[in-house]
Amino acid sequence: MHTKIQIRLNGKMQTLTVPPFRLLLDLLRDEIGLTGTKEGCGTGDCGACTVLLNGKPVNSCLVLSGELEGADIVTIEGLKIGPYLHPVQQAFVQEGGAQCGYCTPGILMMTKALLDENINPTEEEIRFALSGNLCRCTGYAKIIQAVQTAAAELRRSYEEFPSSQRRGGCATNKMPRSH
Amino acid sequence: MEELAVVGKPVTRVDAEEKVTGQTVYGYDLVLPNMLYGKALFSTRPHAIIKRINTERAKNYPGVQAVITGADAPWIHGETIKDTPFLAQGKVRYVGEPVAAVAAVDEDTAQAAVALIEVEYEDLPAYFSPEEASKPGARAIHEDYPEYHKADFIVTSPLPNVCEHFKLRTGDVEQGFRKSDLILEQSFRVPAIQHAAMEPHSAHAMVDDSGKLTVWVPNDAPFRVRTETAEALGLPPEKIRYINPYQGGGFGSKGGLKVERIAIALAYHTKGLPVRVKFNRQETFVSTSTRHGAIVRIKSGVKSDGELVAREITIYWDAGAYSEKSPTVCIRGSLPSPGPYRIPQVKVDGYAVYTNKPVAGAFRGYGIPQAAWACEQHMDDLAKRLRMDPLEFRLKNIFVDGDVAYWGEQLHNVGLKETLLKATEGIGWGKTEKLDPKGFKIGKGFACIAKPTRTPTTSNASVLVDSQGKVTILAGTVEIGQGCSTMLSQVAAEELGIPIENTRMHPLDTDVIPFDSSTTSSRSTFHMGNAVRHAAIHAREQLAEIASGILEAPQEELRFSDGKIFLDNDPQHALTIGEVIRRQLGPDGVVRGNGSYTYELGKDVDPQTGHSDHASAFYMYATQAAEVAVDEETGRVRLLRVVAAHDVGKAINPLNCVAQVEGGLAMGIGAALHEELVVDDHGRVRNSSFLDYHLVTSLDMPEMKTIIVECPTPDGPYGAKGLGEPGLAPTPAAIGNAVANALGIRIYDLPLTPERVYWAIQAATD
């Protein structure tokens with residue numbers, strides 16, 4: 001029992017034949033081989049598998065492949081802007097927002113979703129946005145700091161290049177062939 | 001000392017970029033060619049005889065390659081007591097114990113086949129409390145315990161189900177109590193909690209035609225687990241190879257043979273094909289390991305001026321069904337349990353007790369948090385009865401340089417007092433800045449700890465310098481997220497005078513990397529830091545010898561900086577390191593430096609007295625302070641602020657030091673306020689998911705302030721010692737003291753859930 005779906009993954013159109021009950025998480029990791037999206041619980045409780053589905057953050061362990069026809073999916077592998085780190089990635093490097101790094105891809109995708117919506121979040125808004133992403137290493141302080149740094153950098157770049165904001169400020173919309 | 005170029009600087013993590021781009025391959029991500037997928041069947045009974053196992057239906061299920069039970073994997077392992085079967089042998093001892101396993105062509109098939117295995121049990125009486133299990137007359141959970149192979153230092157007990165009895169005897173406590181002006185006796189409880197590393201457990205294993213076993217697993221001690229595997233299988237260590245993919249956090253859980261043994265057992269039945277076994281989150285919660293639940297009874301005698309005279313402690317460590325690391329947790333957790341204070345008369349009895357619960361093992365802090373929860377709250381209660389300020393009371397008794405600790409060791413380079421003064425200053429101890437808001441009580445508290453490290457141990461390292469001036473570090477320290485790769489790169493870069501970008505860590509493989517004892521016990525910065533430093537110096541000496549010939553200058557006048565070698569007075573004739581190697585050894589030349597470090601003075605504690613004049617290579621000291629607001633109506637504890645002061649010897653990377661402490665605080669806060677692995681009266685874990693087992697989230701974290709105290713340890717690299725574990729050790733006790741300070745009520749059991757605090761308030765007002 002397989003179904004044919006066409007998706008846009010990290011900017012690139014793909015046609016896949018998969019069982020409709022296959023989880024998006026397993027589709028990405030096992031079928032396509034993109035293991036940057038992590039499995040922490042498989043039950044939607046930890047946020048490690050967060051990806052962007054049609055621009056919105058979702059736990060990919062709770063999405064079935066059968067729902068994906070025509071979907072636009074962005075994973076951690078699609079976050080870089082060509083050879084350059086996305087400002088969110090750069091900020092996490094700079095601020096020490098990753099330790100073991102296992103929750104990091106999910107947190108970066110959630111951060112991107114937050115900043116796509118709100119380029120100037122308060123600390124409370126950042127804490128709230130990330131409250132579904134568990135991290136056992138960092139105590140969150142450096143993560144929150146990294147989100148603030150990324151937000152500041154994005155605000156700065158929007159001031160410099162106002163046109164970039166209309167396209168979501170990021171990369172993934174601008175770089176259709178990053179893979 | 002010359003000024004340091006890289007060491008002591010807040011260098012960005014060397015593994016950060018690959019982690020933020022999703023390129024890092026963790027154990028859970030690893031895919032091997034032609035691999036099979038393994039799943040285990042777990043016991044549903046806490047204590048039972050296996051009457052019969054029927055695997056026929058599973059074996060006949062399409063796509064199944066192997067179905068195995070204990071009979072097919074007749075091996076027993078254990079780090080200090082060989083008591084743990086790879087798969088249950090004739091009986092089960094906890095709900096969640098692996099009983100059988102399947103290897104199949106895919107995960108779904110394996111899972112479906114596991115469900116077809118039938119097991120018939122005959123229940124036995126089960127014990128869920130270490131006090132019950134060790135009462136005279138209790139039935140043995142391990143009937144063969146007396147015959148088990150045990151490490152030399154294991155002390156047995158006439159009490160049933162005790163797998164280790166630690167004894168510390170200093171002076172005469174009874175006489176001490178008689179001489180005291182005040183005696184206080186209390187009992188505290190700490191529940192089991194789980195490591196909950198974000199990456200669940202997994203292992204891959206393969207046996208090749210030559211009989212060589214290869215295991216891919218993010219294990220925190222690849223060499224130690226190789227030894228444990230070799231002893232269990234009866235193989236020479238060279239027939240076993242452990243390869244370490246990246247580890248998504250461990251905190252002590254990813255050591256020893258856990259999921260590994262299921263993968264290994266299956267690999268002997270898959271005709272040379274590799275097999276992967278992944279534990280899901282629930283299996284990770286139940287069938288890997290937990291932190292020890294503990295019951296701590298503490299009795300102290302003090303003079304009316306606050307001088308500690310005597311302290312007696314009895315700790316029951318709930319080992320769960322198998323010994324795992326319980327004996328050493330019992331020893332190293334019980335030894336300093338009377339706290340970092342001068343006490344002339346001390347008696348400690350630590351009992352690690354088998355129960356029919358999930359296996360307890362190593363957990364960041366190794367017994368110190370449980371003891372500190374009791375000792376540090378007890379200290380505050382003593383101070384209260386003495387009508388002394390808790391800070392003054394501690395200052396009167398606290399370890400300072402030159403003190404001889406109650407286990408017989410003279411202490412040096414003790415930064416404890418400085419941490420105590422700085423943490424209490426940071427929290428504004430003794431000052432009331434704000435009035436209690438309506439319905440809330442504000443309180444402050446603090447707690448101190450001293451933590452030893454596993455001693456003696458050994459680290460070896462090599463540093464390869466190539467003809468491009470690039471450096472590869474071969475070190476057996478596992479990057480578990482703590483930042484060892486960055487720290488070791490800083491050390492190598494410092495000694496060779498190269499930019500840190502020119503270093504890289506070699507992947508960890510026991511066939512290639514020189515021996516290291518373990519990535520545990522906060523030992524790596526000190527031991528492996530020294531080994532890499534020695535290796536880099538060895539390489540530098542060889543480079544200096546070559547360069548001195550080229551530059552026609554004495555070696556001792558050569559300087560290494562920015563990837564170049566030059567004479568101080570002649571920097572324009574500098575040679576790059578790569579050039580030096582090319583000139584002498586050609587374009588493919590490599591200089592290899594080797595380094596080794598063992599803390600030679602370390603001595604095991606005497607099993608009868610608990611004494612040692614060098615129990616630990618170094619001690620980690622810390623004080624943490626907390627401010628809380630307790631909602632009187634609901635019992636909810638809101639953490640307002642925490643201040644953590646830690647003596648690290650020397651901060652090789654101040655940024656990562658703060659990161660370690662902040663992460664430790666988060667774990668300590670979780671343990672203080674809501675974490676508990678709940679086991680019901682049928683031995684079942686009731687909260688084996690993140691939905692039901694609450695980790696702290698970004699919304700729960702208070703304002704944190706970390707203060708790094710540097711009291712250099714002469715034996716450490718640049719004066720550094722360890723830091724990984726203490727971050728969480730005093731946290732619950734500091735919060736407990738703050739709650740008691742707020743409410744005037746002492747709560748003896750963790751965690752401080754709203755419910756528990758509410759009932760404590762009700763009981764006090766009745």
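User: In which strand of chain B is B:Val190 found?

Analyst: The model is predicted. The strand in question covers residues 182-190 of chain B. B:Val190 lies in strand β10.

User: Is B:Val190 buried or exposed?

Analyst: The cut-off for buried is under 20% relative accessible area. B:Val190 has 5% relative accessibility, so this residue counts as buried.

User: Which residues is B:Val190 in contact with, leaving aside its neighbours within four places in sequence?

Analyst: Contact here means heavy atoms within 4.5 Å. With the sequence neighbours set aside, the contacts of B:Val190 are B:Arg291, B:Gly293, B:Ala294, B:Gln370, B:Trp373 and B:Leu750.

User: What separates the C-alpha atoms of B:Val190 and B:Asp389?

Analyst: Along the chain, the two residues are 199 residues apart.

User: How many residues of helix α9 of chain B are buried?

Analyst: Helix α9 of chain B runs over residues 326-334 and is mostly covered. Among its buried residues are B:Val329, B:Cys330, B:Ile331 and B:Arg332. The cover includes β9 (162-170), β16 (308-320), β17 (345-354), α10 (368-386) and β18 (440-452) of chain B. The count of buried residues is 9 of 9.

User: Why is chain B said to be as compact as a globular protein of its length?

Analyst: Chain B has 18 helices and 29 strands. For 766 residues, the globule rule gives 27 Å. Chain B is as compact as a globular protein of that length because its radius of gyration is close to that value, at 27 Å.

User: What share of the contacts in chain B with a separation of 6 or more is between residues 24 or more positions apart?

Analyst: Of the 766 residues of chain B, 66% count as buried. For contacts with a separation of 6 or more, residues 24 or more positions apart account for 79%.

User: How far apart are the C-alpha centres of domain 2 and domain 3 of chain B?

Analyst: Domain 2 is made of 293-454 and 604-765, and domain 3 is 457-598. The two are in contact: 24 residues of domain 2 of chain B meet 23 residues of domain 3 of chain B. Their C-alpha centres lie 39 Å apart.

User: How far apart are the mean positions of the positive and negative charges of chain B?

Analyst: Chain B has 78 positive and 97 negative charges.

Notes
Residues are numbered from 1 along each chain as its sequence is written. Chains are lettered from A and ligands numbered from 1 in the order in which they are written. This is a predicted model: local features need pLDDT of at least 70, side-chain atom pairs count only at pLDDT 80 or more; totals for chains, interfaces and linings use all residues. Side-chain values use heavy atoms; hydrogens and water are left out. Helices (H or I, at least four residues) and strands (E, at least two) are DSSP runs, numbered from the N terminus. The radius of gyration is taken over C-alpha atoms; the globule rule is 2.2 Å times the number of residues to the power 0.38. Buried means under 20% relative accessible area, exposed over 50%, partly exposed in between (1.4 Å probe, protein chains only). Lys and Arg count as positive and Asp and Glu as negative; His and the chain ends are not counted. The place of a charge is taken as NZ of Lys, CZ of Arg, CG of Asp or CD of Glu. Domain bounds come from an automatic or database domain assignment.
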